[in-house]
Structures are given as structure tokens and as C-alpha cells.
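Hello,

Here is the structure I promised to pass on to you. My notes on what turned up in it follow below.

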Amino acid sequence: MADDSKLSNVGSRYAKALFDLASEQRQVAAVEADLKSLKTALAQSRDLRVLVGSPAFAAADKAKGLAAIATAAKFNATTKKFLGLLAANGRVAALASVITGYEALSAKARGAVSAQVTTAVPLSAAQAKGVAAALRQALGKDPEIATRVDPAILGGIKVQVGSRLFDASLKSKLDSLKFALKRA
């Protein structure tokens, strides 16, 4: 857990630096689009996750791999340079937290609210619209929703907006019932 905390702190610092640079160059949206496509590639490619996360690869090899991806995907020059810097500093393992941090900073700058929605099964289009409408009404802003499927919650939904967590999952309800029965 401590390692995750360190990566998150490193990721947030690098995300802030990248966001400041992109803002200065008026390229926030372009860099965010690059990072979103890189996030998708990380989710879909096991080989890329191994390259990014494995200490067996040297920083130079990680830099070459990320540079090849950036060139093939026609990333913005700022994004390419940043990925090179991340590799040169040996911080490629923090890439996922950098992307998450950058997305949060960008959403905040736009005045949007990010929400992480976790369900046991994938949401249908109608359910996703309903969740978006409910969040829009509750928050008073248009939410940017990231969905995640976690079968461990058994059913229901968990919504995290910033530091607030709305937990209506079956697992948490069963856990609270179990706790209440133990107390009785």
C-alpha cells in the first residue's frame, strides 16, 4: 500500500507539472486526448503494462517503447517530451497515476466534476444515462463519468466524486448487517 501512495504522490506532482506546461502552451485538451488514448492502450495491452511496470526494463528501453507509441499515435510534441522525461527520471511506473491526476486537473479547470462509478456488471446505455442525470441533479454540474466493473461488490453501485463516496453496493449492506448481527 505504501508503494501505491508513493506512486500517487509522484504521479500527482508530475501531473501538475505537465498540466502547468500544457496550460502555458495552450495545449491542455491536446495533451489530455493523448493521455486518454495512452490510458486506453495501457488497459488493452498487457505488453505495454509489463513494459511500464516492470523494473526488468531499463529506463532507456522504456523511453524507446513510449517514444515509438507516441510517434505511431501522433501524440502532441509536449506529450512526447513529457513521456521521455518520465522515462529518463525512472518514473514510468507512475504513468497511470500521472494520467489520472492530469485528467482531474483538466476537469477542474473546465469546471467539470469527475465521478468514478463502480458496478458489479457493466451498465447499459439507459442505466448510464440515468446515473449521469442523477449526478447532474445532485451535483449541479455535468459529471464526467468513468465506469469500472468490480464483481466483488455483488450488486448495486458505488459512486466516488472527489473524496466523497456514495456506497449503495450489496456488499457494503451485507457487511453492515453482519456487523449489526455481531453486536446484537
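Tyr14 and Phe82 are both buried, where buried means under 20% relative accessible area, exposed over 50% and partly exposed in between, with a 1.4 Å probe and protein chains only. Before going further: this is a predicted model, in which local features need pLDDT of at least 70 and side-chain atom pairs count only at pLDDT 80 or more, while totals for chains, interfaces and linings use all residues. Residues are numbered from 1 along each chain as its sequence is written, and side-chain values use heavy atoms, with hydrogens and water left out.

Aromatic pairs come next. Rings of Phe, Tyr and Trp (its six-membered ring) pair if their centres lie within 6.5 Å; planes under 30 degrees apart count as stacked, over 60 as edge-to-face and the rest as tilted. By this rule there are two aromatic pairs. For Tyr14 and Phe82 the ring centres are 6.3 Å apart and the planes stand at 65°, so this pair is edge-to-face. Tyr14 sits in helix α1 and Phe82 in helix α5, 68 residues apart; helices here are DSSP runs of H or I with at least four residues, strands are runs of E with at least two, and both are numbered from the N terminus. Phe19 and Tyr102 form an edge-to-face pair too, with 5.7 Å centre to centre and 65° between the planes. Since Phe19 belongs to helix α1 and Tyr102 to helix α6, the pair ties together parts that are 83 residues apart in sequence. Phe19 is buried at a relative accessible area of 11%, and Tyr102 is buried at 0%.

Leaving aside neighbours within four places in sequence, Tyr102 is in contact (heavy atoms within 4.5 Å) with Ala15, Leu18, Phe19, Ala22, Gln27, Val28, Val31, Glu32 and Leu35. A nonpolar core is a set of buried Ala, Val, Leu, Ile, Met, Phe, Trp, Tyr and Cys residues joined through side-chain atoms within 4.5 Å. The largest one has 27 residues, and Leu38, Leu83, Leu95 and Tyr102 have the most contacts inside it. At least two of its residues come from each of α1 (2–24), α2 (28–44), α3 (46–53), α4 (59–72), α5 (77–88) and α6 (95–110), with the largest share, six residues, from α1. A second, separate core of seven residues includes Val113, Ala115, Val117 and Val161.

Val113 is in strand β1 and counts as buried at 15% relative accessibility. Not counting residues up to four places away in sequence, Val113 touches Leu139, Lys141, Asp142, Pro143, Glu144 and Val161.

Finally, the pockets. On a 1 Å grid over the protein atoms alone, a pocket is an open set of points where a 1.4 Å probe fits, with protein on both sides within 12 Å along at least five of seven lines; lining residues have an atom within 4 Å of a point. The largest pocket has a volume of about 750 Å³, the volume being the space filled by probe spheres set on the points, which are joined across faces, edges and corners. Its lining has 22 residues, of which Thr100, Glu103, Ser114, Gln116 and Ala146 lie nearest the centre. The second largest pocket has a volume of about 210 Å³. The largest share of its lining, four residues, comes from α6.

Best wishes
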